[in-house]
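User: I am new to this structure. Please take a close look at the disulfides and walk me through them.

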Amino acid sequence: MMIAWMILGSLLCNSAQDGNSKEDDTFPCGPDGMTVKTLNQNILLTWEDKPSCKPLNDELTYELEVFIADKQIHREEVTVSPDQIGSTHYWNWTSHLALECATHTLRLSSRYKNQSSQWKQEHTIPGHKALDWPEVFPRDKVFQLGSRATFCCVLPTGESLEKLYLSGNSSANPNISQIGSHAYALTVDLNRASSASCTDIKCETKTSDNGACAYIGYPPADRDLSCETRDLQMVECQWTVGRNTHLAIASPTTYQLLGSVCAEGFKGRCSHKMQVEAGKHLWTLTAQNQLGTITLTEEADLTKRVHMFAPEGVKVSEVGARNVSLEWEWSVQIYNHLNITCQLHTSHGEAQSSMSETVGVGLTSAILKDLIPKWAYILKIRCSTTQHFWKWSEWSVNISVHTLGDVPDDLDVWMQVKDKKSVITWKVPLAHQSHGDIIDYEITWVPTKTPDRQEKSSVTHPKNSFALGLNSTDEYAVSVTARNCNGSSSPSSVTIPILNPESLEEGVRYLLSVHACTQGAPVLLERREGYIKEKIIPDGLFKPFTWTQRNLDVEVTWNRVSLQRQPAFIQGYVLYWVDNNNIVMNIGTDNPQATSLTARNLQTGSYSFTLKARTAIGECGATHVTAILNSPTDNLIRAICITLVTLVVFLILFVVFCFRHWECIKLEFYPPIPKPVLKEKWTASLKSCRPVFMEMSHHNESELMTIPKLYCKSEVSAETDCVDQGHVGTTNRVEALSIPSTAMTCQTPPSASSSLAITTYLNSSYNLTLNNGVQQPISGPGSQETHSVVTRSNGYHPQQNTVNPEDAPESLLPCVFTYILLPRSASTE
């Protein structure tokens, strides 16, 4: 099949050549002197124009075609302007395959307007032919991580491909295709950087295997360039080296500073020798590997960035007890003209150190002060320019020095009273305070009232106290000095006041204030509370001492004891009890402020709890309480019973109270509604009743609501007498009400001494008219006067045409009723 395709392709090519022969005869211009150069996968094609092309005065076009294994994969046109005709032309192209993988054929022809030449030039780059084993291309090539690459495997004649893969690659479904008759291509995404060496591409057949190396990594990624000078004769730059490129073997990164190669650029530093001048300059660094180039720049005036070298030849020129003089030299002569600041670091002991500074032009010496006499120190120095501070220099080498001795420091002295004697005590000076070996101590004491009676005594080191039998009625000034081979210290004084064996008591807490004697006012150093001697706390001190049961736990509580009642420091508390097995149990606390402790998981029964306080002289202050523990169920029943009894007692008391005050309660909540009392029949007297007058009296609502008693006597032509026993008042105004076909005469009983008014209402059942406020008379048969009634919306009938009570018969007085119920009869209707 392959042979058939090759024959067909040959016939087509011959046909094309035959077809172009005529055009070639008519268009002689075309390419000449075609040459091909290759580098890795790059192809550089050069050619010239035939002499016949020179007369052309328009653009000339060259067509280029690329075939891989007889398959066209690329076509491109190159246009040549008239002024470029006759010169050499270049064309560069990169194949996606290594040139060893398959045959690459390049064809070149020309076209001018509508005329084309035959494919005049053709060049073939033969592929590699494997002999005994498969071979993989490209070899040892550098790739950027994340890119896509194509590898090929060329097989010997007669072999078939089994596997073609990239080791360590996680790409799924790699793309494998056949190119030519003996080669296969693998296209894969490079998603994993090479290890310390390289990444393998493996090709396997049934009989053999082989492979090639690929280097997968990154381009440079350095950053943060910073340049300085140390002697104004050389530029030194530093930067941050970027990530690992993984190309240290195949393509290590190369650096150049200002165009000069940096031998140690991979360390992130480089120097360039040149005279540094004042003013800002641009400093450039380039980093490059096969995958890319990065350029870092910084603009700076390096005369303001002088990073000095460390001082050299540092030595001690003079040593004293408290001062040390140092000297050093500069390796750079220009430093002698700079304004310099130097730091002196002084260390002694394990973690004791200090720092001091000194300034000067061309500084080469310094003095350390306030040192400890007869003490070992380690010194070092670093310096920097003062006017334009940039960086401190490195520290110089360490210098050891030992100061000379001196008299001891002042002693720390105090006094105390023991067995009626004043004991003077002082702290033994430490090594940094003695400044030499202490020989002895001298004690001097004198009464303040008689300074001429001074006395002295001495004690040898290391004793640090001296007892004085002094007169307790005098005040003394005592001073103590320490002596070594260099002399005596300054005296330290303490005043012994007049002592009264009775001004202190055991078991009493005192507040002690310690002051420092200064040239000005005394300075409070410390306050302390304490006892001359602690005493045992008496029993039963913690009261009230109570207990509370919570389930099967017992919590005991007590009140805090005031400081005045504490003869010793309370450091905590302990609670003791005995369980049912006669085992003594306890629970304690170290909190002196505690006011409760809880014994847990007890059993029912009787317990005796004892509380004691912890003090420096032992446990004391025992306080007792007895507790009886019931089961939680008994306590619940007891609580329920108590609640029920309380409720029953309350109900009984409530019932008794209600029974005794039933009448008041009944009247308060259910008042009786009285009914009108009729003495005789109304029917006989209705026709002879006179108009009833209503008095607008000054009565309150409660008085008006009082139920009156009604007295009426019946006569055929007589008057009806009505008496309101509850309301008697002065009449202000009387209003008349006329009842149709009836007349009612109301008289006041003989016992009434004041004039009375009657208010008459009618309702639907008793023909009662309700009147409130101003009323108008109602006209009807049998009435003596004509009246008119205006009915209001609330059911009341206001009345007008007020009748003067004087017009009524003298023998009749009006009665004041809240209401009168008048029965309706058939005759009146």
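Analyst: Cys153 and Cys203 are joined by a disulfide, with 1.9 Å between their sulfur atoms. The model is a predicted one. The torsion about this S-S bond is about -80°, so the link of Cys153 and Cys203 is left-handed. The pair ties together distant parts of the chain. Cys153 lies in strand 11, residues 148–154. Its partner, Cys203, lies in strand 15, residues 199–205.

The cut-off behind both calls is simple: buried means under 20% relative accessible area.

Now take the pair of Cys342 and Cys383. A disulfide joins them, and the S to S distance is 2.0 Å. Here the torsion about the S-S bond is about 105°, so the disulfide of Cys342 and Cys383 is right-handed. This pair, too, links distant parts of the chain. Cys342 sits in strand 26, which covers residues 339–348. Cys383 sits in strand 29, which covers residues 376–385.

Next comes the pair of Cys29 and Cys53. These two form a disulfide, and their sulfur atoms are 1.7 Å apart. The link of Cys29 and Cys53 is right-handed, with 110° about the S-S bond. Where do the two cysteines sit? Each is in a loop. Cys29 is in the loop between helix 1 (2–26) and strand 1 (31–39). Cys53 is in the loop between strand 2 (42–49) and strand 3 (60–68). They are 24 residues apart, and the pair links distant parts of the chain. Cys29 has 2% relative accessibility, so Cys29 counts as buried. Cys53 has a relative accessible area of 0%, so Cys53 is buried.

How many disulfides does the structure hold? The count is seven. Among them are the links of Cys153 with Cys203, Cys342 with Cys383, and Cys29 with Cys53.

Cys620 has a relative accessible area of 7%, so Cys620 is buried. Cys658 is buried too, because its relative accessible area is 18% and the cut-off is under 20%.

Terms used. Residues numbered from 1 in each chain as written. Predicted model: local features only at pLDDT ≥ 70, side-chain atom pairs only at ≥ 80, totals over all residues. Heavy atoms only, no water. Disulfide = S-S within 2.5 Å. Helix = DSSP H or I, 4+ residues; strand = E, 2+ residues; numbered from the N terminus. Buried < 20%, exposed > 50% of the residue type's maximum accessible area, 1.4 Å probe, protein only.
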